[in-house]
Amino acid sequence: MRLIAAVSLIVAVPVAAHASEPLTGQWLTENGRAVVRIAKCGQGMCGRIVKILKPRPGSTGLDERNPDPALKGRKIEGLTILPNLKDSGSDWQGRIYSPEDGRDYAAYVQRLPDGTLQVKGCLAAVLCRTQIWQPRR
């Protein structure tokens, strides 16, 4: 019985510790289009676009694909796209906004052992897209 408890504790510790890996810092998105800064906000973490490196052809730099007419005029640079991520124990969960299509998705974010950030946005539990973001120094 003690052996089972000890093995359970050993297996559970890496999972719980993994999500607590800090996400803070600046991250280059997978397509190299933007730099996102993730920092503590309230009880969680938030990610904001701090620099557009490769504007979309024909883009005005505004959130023109947002379905809400009142938000179409806001600048993409400075936009919070990961509001209030919460540590779930195995990853950080919340929402992610994509200015590419003007939609909001469920977000699952993990710091990988190699120092990169895995960012998964899901429309439904089975319709997900995953990106790997590189640390930006």
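The disulfide that links C122 and C128 is right-handed, with 110° about the S-S bond. In this predicted model, the sulfur atoms of C122 and C128 lie 2.0 Å apart. The two ends of this link fall into separate accessibility classes. C122 has a relative accessibility of 5% and therefore counts as buried, the limit for that class being under 20%. C128, in contrast, has a relative accessible area of 35%, so this cysteine is partly exposed.

A search of the whole structure returns two disulfides, and C41 with C46 forms one of them, at an S to S distance of 1.8 Å. Here the torsion about the S-S bond is about 65°, and the disulfide is therefore right-handed. C41 reaches 22% relative accessibility and so counts as partly exposed, while C46, at 18%, counts as buried. Both values stand beside the 20% cut-off, because buried means under 20% relative accessible area and partly exposed covers the range from there up to the exposed class, over 50%. When the bonded cysteines are counted along the protein chain, the disulfides follow the pattern 1-2, 3-4. In general terms, each such link is a covalent bond between the sulfur atoms of two cysteines.

The account now turns to the strands. Strand 4 comprises residues 80-87 and strand 5 comprises residues 92-98; the two run antiparallel and are joined by two bridges. Within this pairing, K86 stands opposite Q93 of strand 5. Strand 4 and strand 5 form a hairpin that has four residues between the strands, and G89 adopts a positive phi near 105° there.

Strand 5 is also paired on to strand 6, which spans residues 103-111. These two strands run antiparallel as well, and seven bridges join them. Two bridges, by comparison, join strand 4 to strand 5. The hairpin of strand 5 and strand 6 has four residues between its strands, and G102, located in the turn, shows a positive phi of about 75°.

For reading side-chain directions along such segments, a general rule applies: in a regular strand, the side chains alternate between the two faces of the sheet.

Taken together, strand 5 pairs with strand 4 through two bridges and with strand 6 through seven. A glycine with positive phi occurs in each hairpin, namely G89 in the hairpin of strand 4 and strand 5 and G102 in the hairpin of strand 5 and strand 6.

How values were computed:
Residues numbered from 1 in each chain as written. Predicted model: local features only at pLDDT ≥ 70, side-chain atom pairs only at ≥ 80, totals over all residues. Heavy atoms only, no water. Pairing = 2+ DSSP bridges. Disulfide = S-S within 2.5 Å. Buried < 20%, exposed > 50% of the residue type's maximum accessible area, 1.4 Å probe, protein only.
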